Amino acid sequence: MWRRRRALLLRSPPSSSSTAASSCQHRRRHLLPSEEPLAVNRLARLFTSQAGSDCGNSQKPFIAFVLGGPGSGKGTQCTKIASDFGFAHLSAGDLLRHEIASGSEKGELILDTIKEGRIVPSEITVELIRKAMETSNANKVLIDGFPRCEENRIAFERIVGREPDVVVFFDCPEDEMVKRLLGRNQGRVDDNIETIKTRLKVFESLNIPVIDYYSSRGKVRKINATGTADEIFDAVHKLFSSLRF
Ligand SMILES: Nc1ncnc2c1ncn2[C@@H]1O[C@H](COP(=O)(O)OP(=O)(O)O)[C@@H](O)[C@H]1O
Ligand SMILES: O=c1ccn([C@@H]2O[C@H](COP(=O)(O)OP(=O)(O)O)[C@@H](O)[C@H]2O)c(=O)[nH]1
Ligand SMILES: [Mg+2]
């Protein structure tokens, strides 16, 4: 399924006019391609004092990125992993929603971006994750729903100074993800069919390349995310039991 999606991507690369606009694309709208490395360097300099931080823990924490399309079950499975294996569960989406609820000045931009199904600028999300890692001081961390695009990935690795130890990828068919999102019933501003269509496009065009990158580095563990939550957790449990952390 993953391969089929990648083949589709190769046949029709996303155009810059696609509705799958994101902060990664937002960056492209404002900068020439030749300026992109500069943008990343500027972002890294903003956080120079924290670069290479081990998040307050004297031991480097074990980091698992948990990725998958919207509705693939990342949050559901992370809750179970946290409970069975003692991981701190940091959901990037929850951190962003919390920032909106806090009434911070960035809240409006974050809310507009989430409503449209696009990706919040990397410096905002990475800083929220970095702070949450520091506060939790955990030695095992699940980062749920991040990085969403290559710019997110590069910003995290520069600012936190780490690659993840493992990347768990929940592979789920689109029709199943749509059904789950429309039934989620948590009053989320982005669980409507229009935004879901954009989120799926953003996932395919911007998040799959991140999974491909980590796959080429031997870090990805793909889980078939169909079946009941308990059936999926059987596979997840096996995977985490085999990891050294
Ligand atoms: N295996 C599953 N089968 C059916 N519904 C599921 C399954 N896993 C999760 N759900 C439900 O689907 C919705 C999306 O799950 P969630 O864990 O929030 O996914 P994600 O974080 O990837 O968007 C939730 O309402 C959740 O209860
Ligand atoms: O690193 C992230 C994580 C989330 N989001 C935004 O928050 C929304 C909801 O993310 P979440 O992970 O909560 O959604 P899920 O995939 O779990 O349904 C996404 O569509 C994005 O708009 C983002 O910009 N960057
Ligand atoms: Mg989620």
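Guide: One definition to start with: the expected span of a helix is 1.5 Å times one less than its number of residues. Helices (H or I, at least four residues) and strands (E, at least two) are DSSP runs, numbered from the N terminus. This is a predicted model, where local features need pLDDT of at least 70, side-chain atom pairs count only at pLDDT 80 or more, and totals for chains, interfaces and linings use all residues. Residues are numbered from 1 along each chain as its sequence is written, chains are lettered from A and ligands numbered from 1 in the order in which they are written, and side-chain values use heavy atoms, with hydrogens and water left out.

Visitor: How far does α10 reach from its first C-alpha to its last?

Guide: 33 Å for 24 residues, close to the expected 34 Å.

Visitor: Where is the kink in α10?

Guide: At N207, shortly before the proline P209, with a bend of about 40 degrees. The bend at a residue is the angle between axes fitted to the seven residues ending there and the seven starting there. Just after α10, G218 has a positive phi of about 70 degrees.

Visitor: What angle do α9 and α10 make?

Guide: About 140 degrees between α9 (residues 174-182) and α10 (residues 193-216), their axes being 11 Å apart. Axes are lines fitted to C-alpha atoms, for helices over the stretch in contact, and angles run from 0 to 180 degrees between N-to-C directions. That angle makes α9 oblique to α10; under 35 degrees counts as roughly parallel, over 145 as roughly antiparallel, 65 to 115 as roughly perpendicular and the rest as oblique.

Visitor: Which residues make that contact?

Guide: From α9, E174, M177, V178, L181 and L182; from α10, I193, I196, R199, L200 and E204. Contact means heavy atoms within 4.5 Å. Seven of these residues are nonpolar, none polar and three charged (Ala, Val, Leu, Ile, Met, Phe, Trp, Tyr, Cys and Pro count as nonpolar, Asp, Glu, Lys and Arg as charged, and the others, Gly among them, as polar).

Visitor: Other topic. Which peptide bond is cis?

Guide: The one from F146 to P147, with omega near 0 degrees. P147 lies in the loop between β3 (140-144) and α8.

Visitor: And what is phi of N137?

Guide: Near 50 degrees, a positive value in a residue other than glycine. N137 sits in the loop between α7 and β3. Most residues other than glycine have a negative phi, and most peptide bonds are trans.
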